[in-house]
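Here is a short tour for someone meeting this structure for the first time. Keep the sequence and the 3D view side by side as you read.

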Amino acid sequence: MIKLRKWVINADDFGYSKAVNYGIIEAHRDGAVTSATLMVNMQGARHGAQLAKEFENLGVGIHFVLTCGKPIRADVTSLVKGDGTFHSISEIEKFASLEDVEKELISQMELFYSYGLKPTHIDSHHHVHALEKFYPIFRKVAQKYNLPIRASGNDDRDFQPIEYFCREFYGNHLTVEGTLMLFESLLNYKTVEVMTHPAFIDTALIIGSSYTKERLKELDILTDRRILSFIKDHGIQLVSYKGLDS
């Protein structure tokens with residue numbers, strides 16, 4: 001029997017917009033979220049960074065972006081379409097040069113640090129870090145900044161400390177009862193990361209994302225007393241990536 005379980009419940013898309021930011025903060029303050037990852041190229045990034053400084057117990061990593069909005073740099077032409085926005089997830093591997101990917105990732109990381117924050121870990125929008133073509137670049141950046149990476153299915157234990165990455169908490173089917181069943185299935189792992197997307201809704205999210213009302217449902221579930229009681233009753237220690245080694 002596992003005596004000590006450590007779970008990172010991470011809210012992706014921090015920085016997408018102010019409504020997303022406020023939803024993530026509520027899921028942290030009143031719920032189970034212990035970690036978030038910041039999209040530095042999005043309109044709510046600076047606002048998110050300010051909130052992160054106010055809520056110091058929220059671990060904040062970087063949510064690298066190559067498939068949403070526009071790049072930080074102007075000289076990474078292989079990453080963008082004619083209108084200057086990133087290629088879609090279905091096209092980015094086809095068009096992106098590894099040189100441009102590395103340049104953009106470094107610029108996003110340096111922008112993160114410019115907000116006066118130190119990232120806890122690395123993940124990415126649409127899981128682009130897990131793509132076979134790009135993973136070596138993400139690993140190189142992780143090594144440069146001495147940061148862990150979200151599990152990507154390739155068993156790189158040198159940089160991926162989490163035993164099991166749970167991406168099943170997603171979609172329009174989510175309920176408290178279903179989440180309790182999902183969490184029950186994770187109890188055999190010592191370390192788990194649960195990917196979540198809690199948020200309030202604003203115009204920026206409605207225009208830019210197809211995943212909107214579902215984020216409100218996620219927020220409700222992650223702050224539900226039954227979920228919090230399950231975590232407590234099963235001796236699960238909620239941590240950020242910073243707390244995995246303590």
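## The model

This is a predicted model. Residue numbers start from 1 along the chain as its sequence is written.

Start with helix α4 (residues 98-114) and helix α5 (residues 135-145). Their axes come within 10 Å. They cross at roughly 35°. The crossing of α4 and α5 is right-handed.

Which residues make the contact? Helix α4 supplies Leu98, Val101, Glu102, Leu105, Ile106, Met109, Glu110 and Tyr113. Helix α5 supplies Ile137, Phe138, Lys140, Val141, Lys144 and Tyr145. An α-helix has 3.6 residues a turn, so residues three or four places apart point the same way.

How many salt bridges does the structure hold? There are 14. Side chains of opposite charge can pair when their charged atoms come close.

Arginine 139 pairs with aspartate 156, and their closest N and O atoms are 2.6 Å apart. This pair links distant parts of the chain. Arginine 139 is in helix α5, while aspartate 156 is in the loop between α5 and β5 (164-166), 17 residues apart. Arginine 139 also forms a salt bridge with aspartate 158, where the closest N and O atoms are 3.6 Å apart. Aspartate 158 lies in the loop between α5 and β5 and arginine 139 in helix α5, so this bridge ties together parts that are 19 residues apart in sequence.

Are these residues buried or exposed? Arginine 139 is partly exposed, at 25% relative accessible area. Aspartate 156 has 10% relative accessibility, so it counts as buried. Aspartate 158 is exposed, with a relative accessible area of 66%.

## A buried pair and its network

Arginine 150 forms a salt bridge with glutamate 193. The closest N and O atoms are 2.8 Å apart. Arginine 150 lies in the loop between α5 and β5 and glutamate 193 in strand β6 (residues 191-196), so the pair ties together parts that are 43 residues apart in sequence.

Both arginine 150 and glutamate 193 are buried.

## Helix α2 and its neighbours

Now turn to helix α2 (residues 45-54). Its buried residues are Ala45, His47, Gly48, Ala49, Leu51 and Ala52. What do they pack against? Their partners are β1 (5-14), α1 (18-29), β2 (35-38) and β3 (59-64).

## Serine 240

Serine 240 sits in the segment after β7 (236-238). Its relative accessibility is 9%, so serine 240 counts as buried. Leaving aside residues up to four places away in sequence, serine 240 touches Val8, Thr34, Ser35 and Gly59.

## A nonpolar surface patch

Ile201, Ile206 and Leu216 make a nonpolar patch of about 230 Å². One of them, leucine 216, lies in helix α8 (residues 213-222). Leucine 216 is partly exposed, with a relative accessible area of 31%. Patch residues must have over 30% relative accessible area, so leucine 216, at 31%, passes that cut-off.

Terms used:
This is a predicted model: local features need pLDDT of at least 70, side-chain atom pairs count only at pLDDT 80 or more; totals for chains, interfaces and linings use all residues. Side-chain values use heavy atoms; hydrogens and water are left out. Patches are made of residues with over 30% relative accessible area and no salt bridge: like charges are joined within 9 Å, nonpolar side chains (Val, Leu, Ile, Met, Phe, Trp, Tyr) within 5 Å. Accessible areas come from the Shrake-Rupley method with a 1.4 Å probe; for residues, only the protein chains shown count as cover. A salt bridge is a side-chain nitrogen of Lys or Arg within 4 Å of a carboxyl oxygen of Asp or Glu. Helices (H or I, at least four residues) and strands (E, at least two) are DSSP runs, numbered from the N terminus. Buried means under 20% relative accessible area, exposed over 50%, partly exposed in between (1.4 Å probe, protein chains only). Axes are lines fitted to C-alpha atoms, for helices over the stretch in contact, and angles run from 0 to 180 degrees between N-to-C directions. A crossing is left-handed if the near helix is turned anticlockwise from the far one by less than a right angle, and right-handed if clockwise. Contact means heavy atoms within 4.5 Å.
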